[in-house]
Amino acid sequence: MLRDDINAHVKEAMKARDERRLSTLRMINSAIKNADIEARGHGRPPLADDDLLSLLQKMIKQRQESVALYEKGGREDLAAQERAEIAVIEAYLPRQMS
């Protein structure tokens, strides 16, 4: 179900010509396909939605680490790009309780 949402949003981003969102969604699709291939190699079925959520959280953590490094290196432009990717990925995670 989450895969279907992501693929539908890829089509919407293509129609809207939203390059940042499109590239981030394609990156998510690529990570999902790589994880599926790895699972298949170990004799497991494709990832379920719970596994996909874990994958998305891992992607966000990687980007947060990149933001910290870019800010430390004085590259605010790259840090802003990573923050934009985080925002797109977070849209697919459930809301955190306050």
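What follows is a set of questions on labels, each answered from the values.

Visitor: How do you know which residues may be discussed?
Guide: This is a predicted model: local features need pLDDT of at least 70, side-chain atom pairs count only at pLDDT 80 or more, and totals for chains, interfaces and linings use all residues. Residues are numbered from 1 along each chain as its sequence is written, and side-chain values use heavy atoms, with hydrogens and water left out.

Visitor: What makes up the protein chain, in helices and strands?
Guide: The protein chain has 4 helices and 0 strands. Its order from the N terminus is α-α-α-α. Helices (H or I, at least four residues) and strands (E, at least two) are DSSP runs, numbered from the N terminus. The C-alpha trace spans about 45 × 30 × 30 Å along its principal axes.

Visitor: Why is Asp36 called buried?
Guide: Buried means under 20% relative accessible area, exposed over 50%, partly exposed in between (1.4 Å probe, protein chains only). Asp36 has 11% relative accessibility, so Asp36 counts as buried. Of the 98 residues of the protein chain, 31% are in the buried class.

Visitor: Why is Lys58 called exposed?
Guide: Lys58 has a relative accessible area of 52%, and therefore counts as exposed. Lys58 sits in helix α3.

Visitor: What makes Arg3 and Asp36 a salt bridge?
Guide: A salt bridge is a side-chain nitrogen of Lys or Arg within 4 Å of a carboxyl oxygen of Asp or Glu. The closest N and O atoms of Arg3 and Asp36 are 2.5 Å apart, and the pair forms a salt bridge. This pair links distant parts of the chain, with Arg3 in helix α1 and Asp36 in helix α2 (residues 19–41), 33 residues apart. Arg3 is partly exposed because its relative accessibility is 23%.

Visitor: What makes Arg20 and Glu85 a salt bridge?
Guide: Their closest N and O atoms are 3.8 Å apart, and Arg20 forms a salt bridge with Glu85. The pair links distant parts of the chain: Arg20 belongs to helix α2, Glu85 to helix α4 (residues 76–90), and 65 residues separate them. Glu85 has a relative accessible area of 8%, so Glu85 is buried. Arg20, at 33%, is therefore partly exposed. Arg20, Arg63 and Glu85 are linked in a network of salt bridges.

Visitor: How many salt bridges does the rule give?
Guide: The count comes to 6 salt bridges. One of them joins Glu76 and Arg83, with the closest N and O atoms 2.9 Å apart. Glu76 has a relative accessible area of 42%, so Glu76 is partly exposed. Arg83 is partly exposed because its value is 33%.

Visitor: Which residues gather in the patch of negative charge?
Guide: Asp4, Asp5, Asp49, Asp50 and Asp51 gather in a patch of negative charge on the surface. Patches are made of residues with over 30% relative accessible area and no salt bridge: like charges are joined within 9 Å, nonpolar side chains (Val, Leu, Ile, Met, Phe, Trp, Tyr) within 5 Å. Asp49 is at 32% relative accessibility, so Asp49 counts as partly exposed.

Visitor: Which helix supplies the largest share of the negative patch?
Guide: Helix α3 does, with 3 residues. α1 (2–16) and α3 (49–72) each supply at least two residues of the patch.

Technical notes: Accessible areas come from the Shrake-Rupley method with a 1.4 Å probe; for residues, only the protein chains shown count as cover. Lys and Arg count as positive and Asp and Glu as negative; His and the chain ends are not counted. The place of a charge is taken as NZ of Lys, CZ of Arg, CG of Asp or CD of Glu.
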